[in-house]
Amino acid sequence: MTRFWKDGSPPQAARPTGPGRRRVATSQVGLMLLIVGAVFSVLAPRFLNPGNLLNICTSASVVAIVGLGMTLAIASGNFDLSVGSTAALAGCVTMSLVQQIGVVPAILAGLATGAAVGLINGLIVTELRVPAFIATLGMLTIVRGAALIYTRGRDIYLYGQTQYKILSSGFTPVLLALAVALVLWFVLQHTRFGRHILATGSNPASAQRVGVRTSFVLLGVFSIVGIAAALSGLILSAQVLTGNGRLATGLELSAIAVVVLGGTPLTGGKASILGTLQGSVLVAVINNGLNLLNVSIFYQDVTLGLLLLAALGLAASYHRRIKSV
Amino acid sequence: MPRTSFTLLSALTAVMVIALAHNSAAQAKKKIGFSVYDMQYGFFQEMEKGTREAAQAAGYDYVLVDQKSSESTMVSATQDMINQGISALIISPFKPDALGPIVDAAKEKKIPVVIDDIGGGGTDYDVIVISDNEKGGVLAAEHIDSVLKSRQNNSKKVASITCEPSAVYAARRNVGFEKRIKELGYEVVATLSGHSKQEEGYRVTKDILSAHPDVAAIFLGNDPMAVGAAQAVADSGKNGVKDVYIVGFNADEIALQAIKAGQMGATIQQVPREMGKMTVDLATKLMKGEKLQYSSTDNREIYVPVNLITAQEADTLLKK
Amino acid sequence: MSRRKPRLTTPKTQPKAQKPLSTLQTEKSEIPELSVTARIVNQLDWDLLWERFGIAVVTIVVWFIAGLATPGFANVGNFVSVLRQSAFVGVSAVGMTIAIIAGTFDLSVGATQALCAWVAVSVAKMAGVFPAFLAAVAVGGVVGLCNGSLVALVRIPAFIATLGTMFLVNGLTYIITNGQTARFSGKSFVWWGNAQIMSVPIPFIVFLSCALLGAAMLHRTEFGRFVYAIGSNREAANIAGVPVAKVAIFVFVVVGLFTGLGAMLLGARLYSAGPGLEPGFELNVIATVVLGGTRLAGGRGSMLGTVAAAILFATLANVLNLNHVDAFVQRVVVGLVLLLALSVEGVRQRLAEYWSRRTVSTRHPLGGRRSAVAAIDEFTD
Amino acid sequence: MSNPSTAPVLAVQNLSRRFPGVLALDNVSFGILTGEVHALVGENGAGKSTLINILAGVHQPSVGQVLLDQRPVIFPDPLSSQRAGISVIFQEFSLLPHLSVAENVFISREPRRGLLIDWATMNRQTSEILRTLNLEIDPTTRVSELMVSQQQLVEIGRALSAKTRVIIMDEPTAALNEREAVRLLEIVRSLAASGVSVLYVSHRLEEVFSIADRITVLRDGRHVVTERRSGMTEQQVVSAMVGRDLIHSTRPNRIAGPIVLQARDVSVDGGLIRNVSFSLRRGEILGLSGLMGSGCSQLMEALYGLREITAGSILFEDRPLRMANPRAAIRTGVGLLPEDRKRQGLFPDLTVAHNLTIGAPPRWFRAVPGILDLAAERCKTLDFKRQLNIRFRGPNQRISGLSGGNQQKVILARALAGNCRALLLAEPTRGVDVGAKAEIYALIDRLVEKGIAIILQTSELPELLRLADRCIVFAGGEPQGELRGSEITQEKVMELATGLSRRATVNSATGGVE
């Protein structure tokens, strides 16, 4: 027997499991992580060797950084589908500038590009009142096109550019991801802006009425997402030391996937930074493990799909059990 | 509602009228239409360049459509081009299997169809210019063998990374490679897909390296992935020539540069620009109705040699 | 997502769906001091009109401009091609329209299409067209059923549920087909994708009939009522006795069925199908539906809009190609068109607010009272 | 009670506000004095909400100005109005369910150390403030976990924390039961006594007359009168609101028919409600009353198949009744007028006709998916329009264009449409203005005459007295006793509801408690 009685109920309706669900989902993804990890460490001999672990974390951190930005967006009750394209554009911009203006300025320029794209997203959503999903869907193609036009479809390469390489070598990506996570966690927990993000996601109308400048909040959020996307774009381009308009296609969906795996609900108002981190590691572990076992790429999608459904299915059933009591 | 439908009707009629006006204007100059796989890739940019230059040199009008790696776009856009009236069609199909409707449409209008690389999908085209993918793989295998022989550490482990799973014809490269390398007594420890992407090539290679630190060589289905792989090798403190011998496919500029920079071993050259030129010449012949010399007559193929590019060839190529 | 935009203090103009003209006149006689523009902006229910007919009109305009500006656009052969092209996204957009009106969502249509198309082609090769049709539609239906159960019974948010099935079906297709494309060029099969009757392409005929069918479902059946009700207010729907779960499941099945049908057409069109068919298809479909004026939050939308939007996108691609616009620029243009079309409503509201601040009457518009109530009811909620 | 000074702290002058197609406020002027409770009354659509929104900075006036201490001010956004010392408690609240109580109290004014939020101070101050409202809750609890009455106190707490000079309360008691309402009024008085001005927006006149120092009446967006309470009678106010005199009707005495619905020892959701037994007869109204959380509303839900009946049995027309969901309930002939119209009743995007017939659309075939009989649907709609005299232009008008009262009638019609014989009314006149209220009462009387059995759950005692023939009073999920006809008085009900007397005439089943 299904009952939608409590669903979609407005703020004043008391919800027994306010915080519950997030904790559950987070612990779930953690649990899965353990299980999957255990399985692979049995099947694949070299799975647990430090080199491979670092390798996993590296590939996790690229998605994680975008995912962390996305976590904010989703917590504010929005979405950003343009992250993949943004990453590509930022990557290209930086790569093209490294020679002229030096590494650090180029990196800053790349991040600025990301911020700009984010800002545009934000403006479309707040000023033109286009639903975030569609707005960023449009921007997805536009920015991708922009990246291709900017590079004229060619590859930019910087072989032997060792300084820029630092961005992707060794522990840098992991540290960057952790840093981003820490900063965003801090922002969310302890700054007014952070709380106002949750407020906006929780109930935009009320938030506005109690003096939260929701438009500014959203602009901020989208810019952060843009910067995060740009950062991972930079890491990707540094990894391969080439930049082109094809970079990071389909990043948006995997980013959303890890956020959701991490237990941040799409309904907004809540964010789980830790969850997102775990989610991205989980996905990375699976892809890596399957590669180690030389399992065909075909199965990686399937497992990811099953994973999503399993995680959310558990969360939902738990949620319902609590409710019905 | 009724008002809108009325406007709609009147609009359509009006457009029809304009249609007749346009059709009356016929064109004099011969026009060559080229339908390209996806201009996002350097390889096809080269091919397009070659085709365009040749066509213009021969004094044809030239039109281009981009299939944007989508089969339905490939079919519709190309058919649109045919509708616009072209004298010959050159196409490098994203999905050869979907060539059927295009070739049929062309035949209907008596337009010769020249296929540039990838594959003919068993359709009724006039000629296909194809660089022998499988042969390329074999070439790579033999080169790797010769390189590794000359070395002390005789690890017999190699890996093979394919383009996206749906690119059936590119997969032949890896098939050829794997077959030959096994014959030469090596073990293929990993056959994975890098989705034709730099970053994927990087990621997969890293995984392979941590699974088999002693892998001696990696062959990749295209150069972007090869470049990615080379970087992955570099990031794990090794070298793409001395330690893990990286071989790519296409001889894209990035690859040549990488080879020059001593970051990857070799690549298999296809000659997209020449192929472009060839297709135009063939189109000319077909329009004149001359006979063609096929490499293999039964399926009207003309092979373009693929050749191995190592450091010195790379230099000379880049000079050009 | 769209629900969460901070726009809730925006007063909506009052629906005057049935006879806007007469109401406009009565209002006119009462508020003479309003400027013409202001009055029109105030009195007409723009969002309703735009929602219903906006894209249809835009499409017509685009056709006119294209016809005049683009040599080779305005010829029958080209129209045929445009209309045919609109069908492949269109058919599954019909299903998606219903889903989005019901306030849900299906990201798995792309993957489903690839699978169904492959099934259709292989079955056609073995058993002929009709079995192929049945098989494709059946497979689509099954996937839809899975989605529906996940959303309605397991209660996973539609976005994630269908994202999951998307990955799942994608992988399965590769595994089943082992990455190989199926090919079949039997005339009777291919006919469905490429033939035309009196220069109306078969796929387009199918598309239109699907749209009519969909419209009929929405406006002439209990199911349609339920769809709108759930999309408009799910809790109220449940209390009003709408079998919410059943309807939700059925909605996804419908999406699956239409996608299956569209997939078969595409397979016939291409003489072939295999894994990795049409990347990003789902987003195109959703974009088409939303461009057609269907509200992403649910509860509102029309088939006419979807049809028009599908044709518009096809036209756009066609025109851009005819004008030899660079492929990279094309991406930008398409995106811009989408954004422009969808920002119209927001801009209209902005204007309405702007005018409502400027213009005020010292005399009280007698007829205006009920609508005053309306406006206030609307935004105090 | 307090003697207010004569200088208006907040005033509006020739205020007008136009919305697309309507003039919501038309040249309104009046002032609020320091430390007074100023009641603002008027029917729905009289312009109260607009006025509030302007003072809150949500909207801006088209013409005219707002005066703070005789100085004209402009509030471009809510923040600036709050900074000016005005806080508004909206009827539907402005709480953020995912955030903690403390955050809700201090939102957008969070005490900070440098960039960081100073949680310690925030929580401490919050609990201090809430203590003054004698609300003892942990400031870190999520608002979504509070009861409505608590949530309202949090809202007030927010206002206090803002060092507010003027508090605007929009229908503050709408969501409260009598007891909580009484407590709220005390709080309002003490606020006024402490020098805060209160603009008390309501159309519950008994409240208004119990606390207001002065009363302002709006009608159709125009200012009718502002007068000291002592200078007005309820009748005057009402006629000022409605523009005409209302005849106050009383409960007709009815003759109950055969039993329609019978409950035996019913328990809901495994003990949420226990040992409920009653029998409902044709042509009578059985009232359910009790404080918030007493279980009445849950019982209604259970009777309508929205909650599980875990023990006991229900007979409907002598046949045992098992309702899995509302659909089943409707099929068997039970109808519900839900408590919260906006949330549980209305389909704002749909037309009146669709809203009315949605439960059981008239169909040509019984086959599924049923093909609709649009003609029949139209007739049905117009038919109900006549019967319940609902005011709308045509069946295809969007329901969001109707007044609250008419919307309520449409939803009532929906409940009746599925030929229901037992009708469940939850708060039938919530958010409905005085005029419509009287109409709806008359309507209910007519329905009962027609022989429909009605269960009425209401938090407004006057309503209960006006309508119910019998009344079961609940507390803590258990029936405390049943009152009949003249026994039903405010005192008696409150007595039972607060559980003061367990020795009232208790149903046989509820003999042993615990």
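In this predicted model, strand 10 of chain D, which spans residues 197-201, is mostly covered, with five of its five residues buried. The side chains of this strand are divided between two directions: Ser197(D), Leu199(D) and Val201(D) point one way from strand 10 of chain D, whereas Val198(D) and Tyr200(D) point the other way, and all are buried.

Strand 10 of chain D is paired with two strands. Strand 3 of chain D (residues 37-41) runs parallel to strand 10 of chain D and is joined to it by four bridges, and within this pairing Val37(D) stands opposite Val198(D). Strand 9 of chain D (residues 166-170) is also paired with strand 10 of chain D in the parallel sense, here over five bridges, and Val198(D) is the bridge partner of Ile167(D). In general, the strands of a sheet pair through backbone hydrogen bonds, in either a parallel or an antiparallel manner. Together with helix 6 of chain D (residues 178-193), strand 9 and strand 10 of chain D make a β-α-β unit that is right-handed.

These pairings belong to an open sheet of six strands in chain D, which follow the order 6-9-10-3-11-12 with mixed pairing. Strand 6 (86-89) and strand 12 (222-228) of chain D each have a single partner strand and stand at the edges, so one side of each is left without a neighbour in the sheet. On average, and with direction ignored, neighbouring strands of this sheet are turned by 15 degrees against each other. Helix 1 of chain D (residues 48-56) packs on the sheet, where it touches strand 3, strand 6, strand 9, strand 10 and strand 11 (214-219) of chain D, and the direction of helix 1 makes about 140 degrees with that of strand 6 of chain D. Helix 6 of chain D likewise packs on the sheet, touching strand 3, strand 9 and strand 10 of chain D, and the direction of helix 6 makes about 145 degrees with that of strand 10 of chain D.

At the level of domains, the assignment for chain D gives domain 1 (8-242) and domain 2 (259-510), and the centres of these two domains, taken over C-alpha atoms, are separated by 32 Å. Their contact takes 15 residues from domain 1 of chain D and 14 residues from domain 2 of chain D. On the side of domain 1 of chain D that touches domain 2 of chain D, the elements giving two or more residues are helix 5 (148-161), helix 6 and helix 8 (234-242) of chain D, and the residues of this side divide into six nonpolar, five polar and four charged.

Chain B is likewise assigned two domains, namely domain 1 (28-131 + 272-304) and domain 2 (133-271 + 310-319), whose C-alpha centres lie 30 Å apart. In chain B, 11 residues of domain 1 are in contact with eight residues of domain 2. Helix 2 (42-57) and helix 10 (272-288) of chain B are the elements that give two or more residues to the side of domain 1 that touches domain 2, and helix 10 of chain B gives the most to that side, with four residues.

Between chains, the contact of chain C with chain A takes 51 residues from chain C and 55 residues from chain A. Several helices of chain C give two or more residues to the side that touches chain A, among them helix 6 (129-152), helix 12 (244-270) and helix 15 (327-358). Helix 15 of chain C gives the most, with 14 residues, and the residues of this side of chain C divide into 33 nonpolar, 11 polar and seven charged.

Key
Residues are numbered from 1 along each chain as its sequence is written. Chains are lettered from A and ligands numbered from 1 in the order in which they are written. This is a predicted model: local features need pLDDT of at least 70, side-chain atom pairs count only at pLDDT 80 or more; totals for chains, interfaces and linings use all residues. Two residues are in contact if their C-beta atoms, placed from the backbone, lie within 7 Å. Ala, Val, Leu, Ile, Met, Phe, Trp, Tyr, Cys and Pro count as nonpolar, Asp, Glu, Lys and Arg as charged, and the others, Gly among them, as polar. A residue is buried if 20 or more other C-beta atoms lie within 10 Å of its own, exposed if 12 or fewer, and partly exposed in between; C-beta atoms are placed from the backbone. Two strands pair if DSSP finds at least two bridges between them. A crossover is right-handed if, with the strands pointing away from the viewer, the path from the first strand over the helix to the second runs clockwise. Axes are lines fitted to C-alpha atoms, for helices over the stretch in contact, and angles run from 0 to 180 degrees between N-to-C directions. Domain bounds come from an automatic or database domain assignment.
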